[in-house]
Every structure is written in C-alpha cells, then in structure tokens.
Amino acid sequence: MKSIYQNIITSISKSEKLLAVLIDPDKMKLKTVSSFISKVNQSFATHIFVGGSEVDRGVTETLVLEIKKHAKLPIILFPGDVIQITDKANGVLFLSLISGRNPEYLIGKHVEAVSNLKNSNLEIIPTGYLLIENGKQTSVERVSQTKPIKRNNIKTIVDTAKAGELLGMQLIYLEAGSGATHVIDPKIISKVKEDLNIPLIVGGGIRSKLQLELAYKAGADLVVIGTAFEEDEDFFDQIKKKINE
Ligand code: 1GP
C-alpha cells in the first residue's frame, strides 16, 4: 500500500516531528550498512532517504537491497539523477529544483524518469526543492548548474515555496546543501511555514540536537540529516531521546 505521504500527514496532525536519515550511496560501504541501520532502528528516525549528487549506475539499487534486509522504516529515494531510481525502495521524492532555472532539473529529468517510474510500485511524491545559499558552493549547485536563492531574499524563498504548492507539489524541501556551513535560518523556516499548506522538509548542515530542535520549533515537519551521522555514529546517541515541540 502506498501510505508514506498519508502517514506524514497523519503524524503532522498529531504534532509528531519526523526525521529522515539520509544515506548517500557514494559514501556508505555495504559492509557497514547492518551496524549503521541498527543505530537508525534505535533512534527516533522515521524515514530513510537514499540518494546523492553523484552516484554510479546500479549502486543505489544494491545499497537499497542491503538496507532493506535490516531496516524497519520506509526507504525513500532522494535521487540526484534518473539512474538512482530503483523500484526496490518504497517511495521516491520526485524533485523539481524550483529555486533554479535549469529546465533539465525542472522537467527534463522527470520526462526521462517516466519509463522507469510508470512500471514501478514506488510511491511517487512530487516535491518542490529549493536550494538556499549557505556560504559555500554545494554539490547540488555544481551538478545542477543553478544558483541557490540568497538567504536574505526571504520573499523570493516564501513565494517560490508557495508557487510549488500551487503547482500541486505535495512537499516543499528547503535545502542548505549537504555539509552546509549555515543551516537554513529558523526565520526562513517560519516564514515559509506561515504561508504553506503542505508539509515542509528542511535539511543541510544540521549537526546538533539544538539545531534540530530549532528547525522543528520554527516549523519544519521533517528534518533530513546525513553528514552528521556519516561522520559520527555517536550522533545517534545524542538524539535518542524523542524531541517534542
Ligand atoms: C542534503 O539535506 C540533506 O541533501 C542533508 O544534509 O548531509 O548536511 O545533513 P547533511
């Protein structure tokens, strides 16, 4: 049953905050998957995202199959490219990079993906993806050849997110970029949230429980963390205790 999106909506209605652990197939070694996922299983993470900016063909599918052996949580693709799509996962964020103006990342890659998607059982979740300036060039910026929106340009960020909603997207993702030096400013999160009627995802550069709490408090419904777990699995212990609003 395709219930990922509905479960997100239900959690939000119960004021439950969601956490996705992002696994980059380019960085995760197959032999460490089992111990990594056992940490995920003991944490309050609610989703596993799998994806990266640059991943070789076939690598994502092999990794998803290995994660599935150990994980209890839904596995959602967060693909940097069409070749990362595999029907072995449970769902896919069908991302449109609406902060940029590169037609390939607004519609081109999507057309290319259709022949894979239409025969799969993946739950497809249309997602407006906004890259926000974070102080250094990110791989999303480099690969997509788009400019992030300046972080002081709050009106453009808010209006872009809203335009995504009005276009029928089901989620909005505010991205500072993997390993960002500046996380998305809570002010931006709260302004976007004020105007939005769909769930809000926030990610990029979050490395502490405090930053996670501030993102939730500002209005993030789902936070994505990758690098902090990759670099130090003890981070799982720091966030064992469930964070409530
Ligand atoms: C990147 O938002 C995600 O796409 C997570 O970023 O790796 O910095 O946690 P980090």
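A polar contact is a pair of N or O atoms within 3.5 Å; within protein, one atom must be able to donate a hydrogen and the other to accept it, and residues adjacent in sequence count only if both atoms are side-chain atoms. For glycine 205, a backbone N or O atom lies 2.7 Å from an oxygen atom of the ligand. Glutamate 175 contributes a polar side-chain atom, 2.4 Å from a ligand oxygen atom. Taken alone, the ligand exposes 310 Å², and the protein buries 97% of that area (Shrake-Rupley method, 1.4 Å probe; for residues, only the protein chains shown count as cover).

The model is predicted: local features need pLDDT of at least 70, side-chain atom pairs count only at pLDDT 80 or more, and totals for chains, interfaces and linings use all residues. Residues are numbered from 1 along each chain as its sequence is written, and side-chain values use heavy atoms, with hydrogens and water left out.

Around the ligand stand 14 residues (each with a heavy atom within 4 Å of it), and the closest are Glu175, Gly179, Gly205, Gly226 and Thr227. Strand S6 (171-175) and strand S8 (222-225) each supply at least two residues of this shell (strands are DSSP runs of E, at least two residues, and helices runs of H or I, at least four, numbered from the N terminus).

Confidence is expressed as pLDDT, from 0 to 100 for each residue. The chain has a mean of 95, and 98% of its residues reach 70 or more. Confidence is highest in S6, at 99, and lowest in helix H10 (residues 235-238), at a mean of 88.

Notes:
pLDDT = per-residue confidence, 0-100.
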